Amino acid sequence: FAQSKGSLNLVLHLAGALDDGLLDAMTPERLRSVLGPKWKGASHLSHALQDVDHEALGLFSSMAGMLGNAGQGNYAAANASLEAVAQNHRRSGNRAQVIHWGPWTGGGMANETIEKRNRARGLMGLRPAQALDGLGRILDSNMPAIGVWQAKWPEFAAALPRRMFEP
């Protein structure tokens with residue numbers, strides 16, 4: 001975060017945890033292990049900022065929070081929960097945005113198998129410098145939520161569930 005004149009300009013929440021599995025293997029403990037860092041952490045941060053002068057709260061999410069992802073029901077739910085945190089933060093008169101990032105290159109939470117699966121469905125990784133260069137424009141847009149990923153769109157769209165395109 002940056003600090004100027006005794007107030008915070010921007011506070012970012014970047015927590016994440018994975019515990020992938022199919023729905024029939026999901027347990028309350030597995031859900032809590034992923035929800036804790038995302039929803040609980042962001043909620044506590046938002047609450048702590050209520051009496052602190054700050055310009056904006058940025059919540060880093062995964063595109064799984066917008067689109068879902070096979071084998072990541074708990075992760076998708078945890079990321080989608082950031083929308084409620086941001087909405088409550090805005091309701092208090094503060095700025096808050098959720099940025100649903102696609103995968104980044106150069107490591108991170110996605111292993112080689114996931115990266116290969118993503119490429120096969122047309123989802124390309126964002127270079128960290130490329131993503132961070134765009135972060136300022138994203139935050140300046142003041143959109144409540146935005147999805148940012150790089151894709152070969154014909155392949156990517158074909159891999160999405162058909163129900164996403166039907167009214």
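1. A residue here is called buried under 20% relative accessible area, exposed over 50%, and partly exposed in between. Leu45, with 23% relative accessibility, therefore counts as partly exposed. Please keep in mind throughout that this is a predicted model.

2. Let me stay with Leu45 for a moment. Its place is in helix H1. Setting aside residues up to four places away in sequence, Leu45 touches Val11, Leu12, His13 and Leu57.

3. Now to the chain as a whole. The protein chain holds six helices and seven strands. Followed along the sequence, these elements give the pattern β-β-α-β-α-α-β-α-β-α-β-β-α. The C-alpha trace spans about 50 × 35 × 35 Å along its principal axes. Does the radius of gyration agree or disagree with a compact globule? It agrees, because a compact globule of 167 residues would come out near 15 Å and the protein chain has 17 Å.

4. A few overall figures may be handy to you. Of the 167 residues in the protein chain, 36% are buried. The protein chain exposes about 9700 Å², and 57% of that is supplied by carbon and sulfur atoms. Taking contacts between residues at least 6 apart in sequence, 70% join residues at least 24 apart. On the charge side, there are 17 positive and 14 negative side chains, with the centres of the two sets 3 Å apart.

5. Helix H3 is worth a look in your viewer. It covers residues 73-91, 19 residues in total. From first C-alpha to last, H3 reaches 28 Å, close to the 27 Å expected at 1.5 Å a residue. After H3 comes Gly93, which has a positive phi, near 90°.

6. Which residues of H3 are buried? They are Asn74, Tyr75, Ala76, Ala78, Asn79, Ser81, Leu82, Val85, Ala86 and His89. An α-helix has 3.6 residues a turn, so residues three or four places apart point the same way. You can check that against the buried residues of H3, among them Ala78, Leu82, Val85 and His89. The buried residues of H3 pack against helix H1 (28-48), strand S3 (54-62), helix H2 (64-67) and strand S4 (96-101).

7. Ala42 is found in helix H1. At 0% relative accessible area, Ala42 falls under the 20% cut-off and is therefore buried. Beyond its neighbours within four places in sequence, Ala42 is in contact with His13, Pro37, Leu59, Leu82 and Val85. Leu82 and Val85 are among the buried residues of H3. Ala42 and Leu126 are 84 residues apart in sequence, and their C-alpha atoms are 24 Å apart in space.

8. Is Arg32 buried or exposed? With a relative accessibility of 52%, Arg32 is over the 50% cut-off and so counts as exposed. Arg32 and Asn74 are 42 residues apart in sequence, with 8.5 Å between their C-alpha atoms. Asn74 itself is one of the buried residues of H3.

9. Ser62 gives a view from the strand side. Ser62 lies in strand S3 and, at 12% relative accessibility, counts as buried. What does Ser62 touch, not counting residues up to four places away in sequence? The partners are Tyr75, Asn79, His100 and Trp101. Tyr75 and Asn79 belong to the buried set of H3. For Ser62 and Gly107, the separation is 45 residues in sequence and 15 Å in space, C-alpha to C-alpha.

10. Where is Asn142 placed? It sits in the loop between helix H5 (128-141) and strand S6 (145-148). Most residues other than glycine have a negative phi. Asn142 has a positive value, with phi near 60°, although it is a residue other than glycine. Its relative accessible area is 39%, so Asn142 is partly exposed.

Terms used:
Residues numbered from 1 in each chain as written. Predicted model: local features only at pLDDT ≥ 70, side-chain atom pairs only at ≥ 80, totals over all residues. Heavy atoms only, no water. Helix = DSSP H or I, 4+ residues; strand = E, 2+ residues; numbered from the N terminus. Expected span 1.5 Å × (residues − 1). Buried < 20%, exposed > 50% of the residue type's maximum accessible area, 1.4 Å probe, protein only. Contact = heavy atoms within 4.5 Å. Rg over C-alpha atoms; globule rule 2.2 N^0.38 Å. Areas by Shrake-Rupley, 256 points an atom, 1.4 Å probe, with all protein chains shown as cover. Lys, Arg positive; Asp, Glu negative; His and termini not counted. Charge placed at Lys NZ, Arg CZ, Asp CG, Glu CD.
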